[in-house]
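Reader: I would like to learn how to read a model like this one, feature by feature. Could you take me through it slowly, giving the general idea before each case?

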Amino acid sequence: MSEADRRLSEESEQRFLDLYAHLLVYVNDRFEVIEEIETVADLEQHYTDELLPLRNTLYNESTTDLIEDFVEQNPADLSGADLEQVAAWTDFVAGEFVVVRYRANDAIFLDWTEPPKAYAVRPARLPFAELWDESALPVPVSSVALLPFEGEIVYDGWVGVKNIIFGGSLSTDIDDEYEEAKHRFGIIDSLPAPEEDEKTDAEELRFYMKNKRNRERYASEIEQLRQKSDKLERIYHQEMGKARARSLGRELRELGLNEAYVAIYDDRTITSAPSESEVRELLEEIMPTGKADHPYIYHFDP
C-alpha cells in the first residue's frame, strides 16, 4: 500500500460515513436540497457528485447550529457515543488548503492564511492516490472540510482542485509557510487546533536563522531580537557561523587540508588550530571583552 492510500480502518471508515450520511439526511430534511432523499438508503443511491449541493449546504448555512440541532434532536436515534462524535464536528475547519506532503498514514494539508497551520489528514471515502499522484504535490485544493474523528482528522471525500501551478517563488513561499506552521503549532493531528505555543526569544531567533530564506524573510525580526541581550547576540553569531560552515567544509576539503578546528565569526574565518582548546585560547586573546564565545567553532574533519 502506498503512502497515498493509507485510510482509516474499514470499521472506522464505515462508522464515519454512516454518521455523516445521517447528518446530511438531516440537512436535506431542513432545506429540501434533493427532493427524493428522505433516508440514508436514499442517499446511498446517489453518486458523490450528485450529493455535493447537499454537502455544501451543510457548510454554507450555520454549520455549528445544524450540528448542535442534529445532536439535540437525534432523529437517527444514535447512541450516546455516536452523538458525542458528531457533536465534535462543530470543531470543523473548512476552506482552501495546499496539500504539501504525503506521510506514512496521512497527508499534510497546509492552511496558509495568517498564521499558517499544517494539518495531518486521513482520507475517508477516497484514498488520496485516486485524486493526485504524489509527484504532483503541492496541490491547491478548495471546498475542503476537515473534521475530528476518533482522535484524528479526516476529510469528507469532497475536494476541489484549484487550477494553480506552483513553481519558482510561489513554491518557495509554500515551503516557507509550511516551515512556519510547524514552528508555530507543530503538525496538527486533532481538532480543535491547539493554541500556539509561546516561543522564547531564543527559539524564535533560531527559527528565523534556520536557513537563508528565513534570514532574508525575517531580517527585521532578527535585527530586533539580536539587540535585546548578549545571549541573543551570541545565538545570532553562532547561527551565522553554522550557516557558513556548511560551505566552508567543502572549500577546505578541496584544499586538501588536515583535521582542524575553525572559528567562524558570521561569514569570516578568524582563527584555526589543531584542537578546540587552542582555538578557544586564541579567541580569548583576539575577541572583544565578553565576546569570546560568540564565534562558532567548526570541527573540520575531512
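Author: What follows is a walk through helix packing, nonpolar cores, backbone geometry, aromatic rings and an annotated span. This is a predicted model, in which local features need pLDDT of at least 70 and side-chain atom pairs count only at pLDDT 80 or more, whereas totals for chains, interfaces and linings use all residues. Residues are numbered from 1 along each chain as its sequence is written, and side-chain values use heavy atoms, with hydrogens and water left out.

Reader: Let me begin with a helix: which residues of α5 are buried?

Author: The general idea is that an α-helix has 3.6 residues a turn, so residues three or four places apart point the same way. Helices here are DSSP runs (H or I, at least four residues), strands are DSSP runs of E (at least two), and both are numbered from the N terminus. Buried means under 20% relative accessible area, exposed means over 50%, and partly exposed is in between, with a 1.4 Å probe and protein chains only. In α5, which spans residues 80–87, the buried residues are Asp 82, Leu 83, Gln 85 and Val 86. Seen down the helix axis, these buried residues fall within an arc of 160°, so they line one face of α5; the arc is that of the directions from the helix axis to the C-beta atoms.

Reader: What does the face of α5 turned away from the buried side carry, and what covers the buried residues?

Author: The face turned away carries the exposed residues Gly 80 and Glu 84. The cover over the buried residues of α5 includes α1 (10–31), α4 (63–73) and β4 (139–149).

Reader: How should I read a nonpolar core, and which residues have the most contacts inside the largest one?

Author: In soluble globular proteins, nonpolar side chains tend to be buried together. A nonpolar core is here a set of buried Ala, Val, Leu, Ile, Met, Phe, Trp, Tyr and Cys residues joined through side-chain atoms within 4.5 Å. The largest one has 31 residues, and those with the most contacts inside it are Phe 16, Tyr 20, Leu 43, Leu 58 and Trp 89. Two or more residues come from each of α1, α2 (40–43), α3 (52–60), α4, α5 and β4, and α1 gives the most, with nine residues. Apart from this core lies another, of 20 residues, among them Phe 128, Val 139, Leu 146 and Ile 188.

Reader: What is Tyr 20 in contact with, leaving aside its neighbours within four places in sequence?

Author: Contact means heavy atoms within 4.5 Å. By that rule the partners of Tyr 20 include Arg 55, Leu 58, Tyr 59, Trp 89, Arg 125, Leu 147, Asp 156 and Trp 158.

Reader: What is phi of Asn 74, and what is phi of Asp 266?

Author: Asn 74, in the loop between α4 and α5, has a positive phi near 45°, and at 17% relative accessibility Asn 74 is buried. Asp 266, in the loop between β8 (260–265) and β9 (268–273), has a positive phi near 60°, and Asp 266 is buried at 15%.

Reader: How many aromatic pairs does a search of the whole structure find?

Author: Rings of Phe, Tyr and Trp (its six-membered ring) pair if their centres lie within 6.5 Å, and planes under 30 degrees apart count as stacked, over 60 as edge-to-face and the rest as tilted. The search finds 17 pairs. The ring centres of Phe 97 and Phe 109 are 6.1 Å apart with planes at 65°, so this pair is edge-to-face; Phe 97 is in strand β1 (residues 93–102) and Phe 109 in strand β2, 12 residues apart. Phe 109 also forms a tilted pair with Phe 128, at 5.8 Å centre to centre and 50° between the planes, and both of these residues are buried.

Reader: Finally, which span does the UniProt annotation "coiled-coil region" cover?

Author: According to the unreviewed UniProt entry, the annotation covers residues 208–242; UniProt positions are given in the numbering used here, feature names are shortened, and annotations may be inferred rather than shown by experiment. In the model, the end C-alpha atoms of residues 208–242 lie 14 Å apart, and the span is 80% helix and 0% strand.
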